[in-house]
Amino acid sequence: MTEVRVDGVELLLAALALGASAGVTDATSAVVRDAADSFRGLVRRRLTGEGQEALRAFEAEGADSGVWQVRLADDLTRAGVDRDEQILSLARELLAQAETAGVRTEIGQVDLRGAKGVQFGSYSTQHITFN
């Protein structure tokens with residue numbers, strides 16, 4: 001199995017999205033919810049005023065908000081959070097906990113130009129017949 005490599009910002013955004021509107025639900029274990037809350041608090045403390053505003057908007061509007069996702073990514077980079085190995089390690093652990101609890105986590109970008117019979121996402125099944 002090939003390991004997917006992602007940069008620090010993509011990893012952080014995926015972990016922060018767990019706490020955004022649709023990320024962590026009642027069906028998710030309390031451990032994952034608590035870990036997501038703690039992680040967001042840790043990241044929030046590292047951000048300046050503008051970064052904290054971007055994080056609040058990202059949480060309120062959800063991870064699908066492209067504008068806030070870009071602003072937050074810029075703020076995470078500017079604050080050096082994307083290079084903090086302790087925070088990145090916690091993000092990896094949080095995403096692993098969420099996957100174990102059945103929460104769908106997606107990180108990274110996918111380029112599907114020229115692809116055929118592609119399946120994208122976690123926990124899905126596809127049957128293909130090429131003629």
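The structure is a predicted model, in which local features need pLDDT of at least 70 and side-chain atom pairs count only at pLDDT 80 or more, while totals for chains, interfaces and linings use all residues. Residues are numbered from 1 along each chain as its sequence is written, and side-chain values use heavy atoms, with hydrogens and water left out.

**Overall architecture**

The chain holds five helices and zero strands, where helices (H or I, at least four residues) and strands (E, at least two) are DSSP runs numbered from the N terminus. Of its 131 residues, 34% count as buried; buried means under 20% relative accessible area, exposed over 50%, and partly exposed in between, with a 1.4 Å probe and protein chains only. With a contact defined as heavy atoms within 4.5 Å, 60% of the contacts between residues at least 6 apart in sequence join residues at least 24 apart.

**Helix 5 and its ends**

Helix 5 covers residues 85–100, and its 16 residues should span 22 Å at 1.5 Å a residue, which agrees with end C-alpha atoms that are 22 Å apart; the expected span is 1.5 Å times one less than the number of residues. The buried residues of helix 5 are Ile87, Leu88, Ala91, Leu94, Leu95 and Ala98. Seen down the helix axis, these buried residues fall within an arc of 120 degrees, so they line one face of helix 5, the arc being that of the directions from the helix axis to the C-beta atoms. They pack against helix 1 (8–17) and helix 2 (30–46), whereas Glu85, Gln86 and Thr100 are exposed on the other side of helix 5.

At the N-terminal end, aspartate 84 caps helix 5, with a side-chain oxygen 2.9 Å from the backbone nitrogen of glutamine 86. After helix 5 comes glycine 102, whose phi is positive, near 90 degrees.

**Salt bridges**

A search of the whole structure finds five salt bridges, each a side-chain nitrogen of Lys or Arg within 4 Å of a carboxyl oxygen of Asp or Glu. The table lists some of them, including one that involves aspartate 84.

| Aspartate 37 | Arginine 40 | 2.4 Å |

Aspartate 37 and arginine 40 both lie in helix 2, three residues apart, about one turn of the helix; aspartate 37 is partly exposed at a relative accessible area of 43%, whereas arginine 40 counts as buried at 12%.

Arginine 46 is partly exposed, at a relative accessible area of 32%.

Aspartate 75 and arginine 78 both lie in helix 4, again three residues apart, about one turn of the helix. Aspartate 75 is buried, with a relative accessible area of 6%, but arginine 78 is exposed at 61%. Not counting residues up to four places away in sequence, aspartate 75 touches Leu47, Glu50, Gly51 and Ala54.

Methods: Polar contact = N/O pair within 3.5 Å; in protein donor to acceptor, adjacent residues only side chain to side chain.
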